[in-house]
Structures are given as structure tokens and as C-alpha cells.
Amino acid sequence: MTDATAAKSQAGFKEKRRIGTGSTQLNLGLVIFSMIIIALIIQGLFIPSSALDGELTVRLKPPGMTSNGFHLFGTDQLGRDLFFRVMGGLPWSLGIAGLATCILATIGTLVGLVGAWYENFIRTTVLLTISTFIAFPFLVLALVMVAVIGRGFWPITLTLGIIAWPVVARVIYAEGRGILQREYVLAAKLFGVSKWSILFVHVLPGIRPTILVMAAFLFAVMLIIESALSFLGLGAPLNAPSWGNMLSDSRQYLINAPWMMFVPAGAIVSAVISLNLISDGVAEISRMRARAVEI
Amino acid sequence: MTDVTKGPDGAAETAVEAQPAVSGGARGDEETVPIALNVARTLGRRLLELLVLLIGISTLLFFLLRLTGDPAAVLAGETGDQEQLELIRKQYGMDKPLIVQYGVFLSQVVVLDFGRSLANAQDALGLVFERLPTSFTLVIIAFTANLAFSIPLGAWLGSRPDRQTRKLVATGVFIAQGIPGYITGLVLIQIFAVELRWLPSIGNQGPASWIMPALTLASFQAPHVIRVISANVSEAMREDFIRTARANGAGFNTLLWRHALKNAMLGATALIGTQVAFLLSGSIITEVIFAWPGLGRLLVTSVQTLDFPVVQAAVFCIAIFVFIAITATDIVFLFIDPRLRRQRA
């Protein structure tokens, strides 16, 4: 997000007073996403794991008061409070998607830059690998991998991180090649700056906005895929309060307890939309800056 | 900077694909390479990619399976004793060294012999082929519905993006993009099957039962297509050739539908190709939600029961179809858009 604040200080060319980052989309996305992060911190610090236990006397109760106390979002088929359960799903869903995004952004950037630098068989190999794996549906690969290496937090995180990097690599490759043709890179080469210094000191800052845009976008995609895996019964362990698991549970109670579906659905949708807003907002700002430079 | 509104994958594809045409610097008036050569080159490259993908996936599957567990134990089930394990190992050649097993495995994969399903001893590939028509029905309906709806809406949104109503609709499309298809599916069931009782929610029982699965599947991708088309159209509407056409007296509708949209569609090349991959992932979830007897549901059940011959056959089928679809789009666009042809031999 430092990039966004930098944009604010640099974009003094616009006379209108602005609040926050200068992009309404980004502001809104950051507000929603920070609320989700605050919820995650509160969940980790203050909510005891006993809050996830069920009380069978209050099964499938709609939101409101019950004999077992107040349930903001109602209870599920085992009498578990859905508010605490959706909060408990935060570390699962956000943790897996966030860590997977870090992994895939790192691999993708490295591979993309390496492919952009070399002009020999290494580039050919990189491009072939990218276009081979980019076309294959993520979910199919993820399903197969998870089936083989098993469920749980780390297997899913690694699987998602390893399969989705070509998307990043392809964009970084294209942008990296563009930047490598600039004069300042040529100047750096003539000064004898090493290959890695050029790539990481001179090229990387130029593609940072793109990485940020892609990371936010793919964070949302990973969140959707993680929930889809759990929804199919192949993601988080069955009792874990992952949002996909909650959705999957709700399918049998759509008639009697529709809130069981709307609670996790709302959580997924708001997280995904906030990330899409951030992604679009950063893109908008970097476009505005590029235009300002041209003028 | 690439135009990021197109969505990272769309932008990426155009950027990379456009590279040779741009760096070639040819303007079309130079002597061009026959189109057949371009087609052959595309076919060759895609076939190589497919080969790499298939070998990569089967190798990965083979070694991961052997490393993480004993397939013989899976085959024997929980009741299997030591004697049965030995028998199974001998029967499936698992007593030989790993590298020999790998060789045997690859030679079988090459002739598309995936073995028999561990669940019911039917031919794995046959099981997959049995499910293909039902999956195709769903995918084709959804894809057609998606394009028939998204292209006009995208063009309408992109033609005058600053008008108030269109801003409102664009916001709606943005929100819709954040709703995963499985949630759409569940909400549709909640409304049309549970509350209104208009449509059946399970299985393939004639046209009425196609509506909800097709809508769900189309909803996976429609927002993305709408946004790309709309961005491309609004860009094309600012181009010089539109101004020329307007100066020549073309009406707004002609401008939009005949000139701008045509160019916008060319820009959406990459997107429509990659949509096939999305369609297939989307159809897996859709088929599970609506108990649709297709390939996706077969894949999920066989993954759940660790029925690896069927998993492998299904993955191969999906890979081959994705590549056929992408290659077909590549070739179609080679004919439509001369800029994509390589000028140098």
C-alpha cells in the first residue's frame, strides 16, 4: 500500500482535494479490506476456540436470541454460532489465499524477469513453460494435486502457490522486456552493473504497480479457488471453519436455514470485492501517473 | 504500461502475442509468408505445449503418488492383509524398480491406456467418454448464452461510458465479478427451486433442468467478458477511423456495431481462448452443485475415492480439449487479423 501513498504525494497535479489515495475504488477497497484484517486480528487475539463448539439444543436457529444466548448470524446444523464460525474461517481462507499469493507472486516475478533478461534457450524454455501451464484450468490441477499430497493448510497453500505463477510470469515478462529496452538500463549495462542489480534495482521498481495489481487480483482468485476446493470437500479438513466448508454444509439446509448459506457467501463476496477494488484502484492510479508523466 | 483494465490475463496475452508483429516492423505491404505456414507454425507450437503438459502432469502424478503413499495399500483397501498386498504388487508390476514402473507407465499413457477404474473395473477412458456429451451440452449452452448476453451489453456499456445509467450498470457488473459461481448457483437454487419451485435443481432431465446450471456456468465468466469488451469498445470509439467514419456520415449505431465492436472483438482474442479453461473449471463446480452427470462430477468423485486411472484419463481429456480450443481460436484469428501473422520466415 506504500505505493498508493506515494501516488498521493506525487499526484499533486490535480487540483481537486482528495481523501485517501486519490482513487475512490482503492479507498473503498482498502477500507473493506482493513476491516477484514481487523476482524482477523480480533479473532486471533480475543475469541477462544471454545466459541466454535456447538450446542445441539439450538440447531438451525435464525439470527437473534436463543436459549443459548445471542447469535448474530444464527446457528448451523450442529448448533454452532455462525458469527464465530465465519470469524474462525478468516485464518483459513485469508491465510491460505494470502500465503499462496506471496508464493506465486515471488516465483512469477523471478521467472518473468529471468525470461525477459536472457535471449537464448532460457527464454524459450520459460515462454514454453508459461504458455503450457497458463492454459490449463487451475482448479483441475489443484484438485489432482490435493488428492495426491493430501488436505490441510500447508498442502493447499503450496499447491495453489505453485500452480498459478505462470499468470504473473507472463505479465512480468512482457513488462520487463519493455523496461529492459529503455536507455537507463542500457546506461546501467554500460556502467557494468551486474545482471541481478539491473533486474532488481532498476527494473523491479518499474513493474511494482503491476505486481501489486496482479497480486490483489490473484489473492481474490486464490480465495475463490480455496473456497471451491473446500466446497467440493477436497480442501480444508471437514471440521475446519473454512468458508467453503460452511457453504458446502449449507447445501442440505437451503430450505430450513438459508442464513447458513448467506453468511459465508457474504464473507467470500466482500473479501473478493474488496481485493478487486484494490486491484482496479492501483491500476487506475498507475495509469494516471503514467499519463501525468507523458503530459 | 499495459492496459490493466483488461484484467491481468487478457492484457498479458495481448502483450505477448502482439510482440512478434510489432518487433517485425512489417506493415503488410512487404512480401508476406503464406498463411499456411503460419497455421502450421501455430499447430506445431501448440502440439509441443500439449506434449510437455501431458508428460509433465503424468510424471508429476506418478512420482507424487509413489512418494506420498503406497498405491497397493489404496487398492487393497482397509481390509487388505500382507498377502493381498504382495499379490496386488505383483499383479500391477509394483514389485519392480521405480524407474521400470515409470517406463511401463509412460508407454501405456502414450497409447492412451490408463487402465481400469479401481471402483468398478470399467475402462477408465471409456468412463470419461461416456460423460463427455452431457458436459458438452452444458458448456456449449453456457458459452453461447454468455457471448449472446455479454457482447451486446459490453458494447452498450463501452459506447458511452460516462452516462449515469451505464455507470450504474458497470458497478453492478463489477460486483457480479466478485461473486463466485458456486454462490450464484446456490442462490439460484434458493430462489427458483426452493422458494418458487419453478425449476428442478438436480440432474439432467430435459431443457428445464438446463437453465440453472447454464446460468451458473455463464455467471463465472460473463462479468469478465463484459468488462473487457466494454473497455475495448470505449477505446476503439476514440480511434481515428471512427472519427473518419463519423465524418463520412455514419450513424451512431453503425459506428458502434459495425466499426468499433469489430475492432474490440479482435482485442478480445486472447480472452475468448482462455475462457475455455475457465469454462471447464467452472463446469466442475457447477456439475457438483446441480448433480449434473458430466465429466467434472466424475473427476471430483474419482478424486474423492482416489480412483487414479479415471482421474488421469479425465485430466488428459480436459487438457486435450483446452488445447484444441486454444489452437482453434489461434488459427481463426490468424485468418481474421493479419497483424498476428509473422512476416519473417
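A residue is called buried if 20 or more other C-beta atoms lie within 10 Å of its own, exposed if 12 or fewer do, and partly exposed in between, with the C-beta atoms placed from the backbone. This is a predicted model, in which local features need pLDDT of at least 70, side-chain atom pairs count only at pLDDT 80 or more, and totals for chains, interfaces and linings use all residues. Residues are numbered from 1 along each chain as its sequence is written, while chains are lettered from A and ligands numbered from 1 in the order in which they are written.

Helices here are DSSP runs of H or I with at least four residues, strands are runs of E with at least two, and both are numbered from the N terminus. Just after H8(A) comes Gly192(A), with a positive phi of about 80°.

Now for chain B. It holds 14 helices and zero strands, and 39% of its 345 residues are buried. Two residues are in contact if their C-beta atoms, placed from the backbone, lie within 7 Å. Among the chain B contacts with a separation of 6 or more, 74% join residues 24 or more positions apart.

Where do the chains meet? The contact takes 46 residues from chain A and 47 residues from chain B. On the chain A side, H11(A) gives the most, with 11 residues. That side divides into 36 nonpolar residues (Ala, Val, Leu, Ile, Met, Phe, Trp, Tyr, Cys and Pro), four charged (Asp, Glu, Lys and Arg) and six polar (the others, Gly among them).
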